[in-house]
Amino acid sequence: MTDEMTDCPDRGDQALALVNQLPTLQRNALRKIFDRPAFTPEEVARLDYRRLQQAEGIGRKGLEAITAWLGRHGLELKPPELPVEAPKLARGARRNIEQAVRLLRTHGYVVQVDRSLPPDGKSR
């Protein structure tokens, strides 16, 4: 526990009570991040979203559980900013690119296509 929490035993007990509202996997993952058994919702809300995504034991459902837990305490976990949307390609430009890819492949080149973009060229 931090010095702040040990100064007042009631605060440490309150923090542990809040922590215990989380599912076990997420609670243990956050304990590992903070390297202590108790933490506050405010501390979790200040964590970087990507840091939580990469933590062992916190997947998509874990992030949802943590976000819901923070919401019950009037806080939110801000998701990372989305990348700028890719510009839509004109029909002629798209056709030229597809033709170039076919030509390269027929001559033995390996062409990797970014499958994260839908056919209309917009990001999801």
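**Helical arrangement, core and side-chain pairs**

Along the sequence, the protein chain follows the pattern α-α-α-α-α-α-α. It contains seven helices and zero strands, where helices (H or I, at least four residues) and strands (E, at least two) are DSSP runs numbered from the N terminus. The model is predicted, so local features were required to have pLDDT of at least 70 and side-chain atom pairs pLDDT 80 or more, while totals for chains, interfaces and linings use all residues. Residues are numbered from 1 along each chain as its sequence is written, and side-chain values use heavy atoms, with hydrogens and water left out.

Of the 124 residues in the protein chain, 25% are buried. Here buried means under 20% relative accessible area, exposed over 50%, and partly exposed in between (1.4 Å probe, protein chains only). Among contacts between residues at least 6 apart in sequence, 54% join residues at least 24 apart; a contact means heavy atoms within 4.5 Å.

The largest nonpolar core has 18 residues, of which L30, F39, V44, L52, I58 and I66 touch the most other members. At least two residues of this core come from each of α3 (24–34), α5 (49–54) and α6 (60–72). A nonpolar core is defined as a set of buried Ala, Val, Leu, Ile, Met, Phe, Trp, Tyr and Cys residues joined through side-chain atoms within 4.5 Å. When residues up to four places away in sequence are not counted, L30 touches L22, F39, V44, L47, L52, I58 and I66.

Two aromatic pairs are present in the structure. The rings of F34 and F39 are stacked, because their centres are 5.2 Å apart and their planes lie at 25 degrees. F39 also pairs with W69 in an edge-to-face arrangement, at 6.3 Å centre to centre and with 80 degrees between the planes. Because F39 lies in the loop between α3 and α4 (41–46) and W69 in helix α6, this pair ties together parts that are 30 residues apart in sequence. Rings of Phe, Tyr and Trp (its six-membered ring) count as a pair if their centres lie within 6.5 Å, with planes under 30 degrees apart taken as stacked, over 60 as edge-to-face and the rest as tilted. Through these ring pairs, F34, F39 and W69 are linked into a cluster. F34 counts as buried at 16% relative accessibility, and F39 is buried with a relative accessible area of 0%. W69 is buried as well.

The structure holds three salt bridges, each defined as a side-chain nitrogen of Lys or Arg within 4 Å of a carboxyl oxygen of Asp or Glu. One joins the side chains of K32 and E56 at 3.9 Å, N to O. This pair links distant parts of the chain, with K32 in helix α3 and E56 in the loop between α5 and α6, 24 residues apart. K32 is exposed at 57% relative accessibility, and E56 is exposed at 64%. Another salt bridge is formed by the side chains of R36 and E43 at 2.3 Å, N to O; both of these residues are buried. The side chains of R60 and E64 also meet in a salt bridge, at 3.1 Å, N to O. Because R60 and E64 are four residues apart in helix α6, they are separated by about one helical turn. R60 is exposed, with a relative accessible area of 58%, whereas E64 is partly exposed at 44%.

Helix α6 has 13 residues and reaches 19 Å from its first C-alpha to its last, close to the 18 Å expected at 1.5 Å a residue; the expected span is 1.5 Å times one less than the number of residues. Its buried residues are G62, L63, I66, W69 and L70. Seen down the axis of α6, these buried residues fall within an arc of 125 degrees and therefore line one face of the helix. The arc is that of the directions from the helix axis to the C-beta atoms. On the other side of α6, R60, K61 and R72 are exposed. The helix is followed by G74, whose phi is positive, near 75 degrees.

A positive phi, near 60 degrees, is also found at D35, a residue other than glycine. D35 lies in the loop between α3 and α4 and counts as exposed at 70% relative accessibility.
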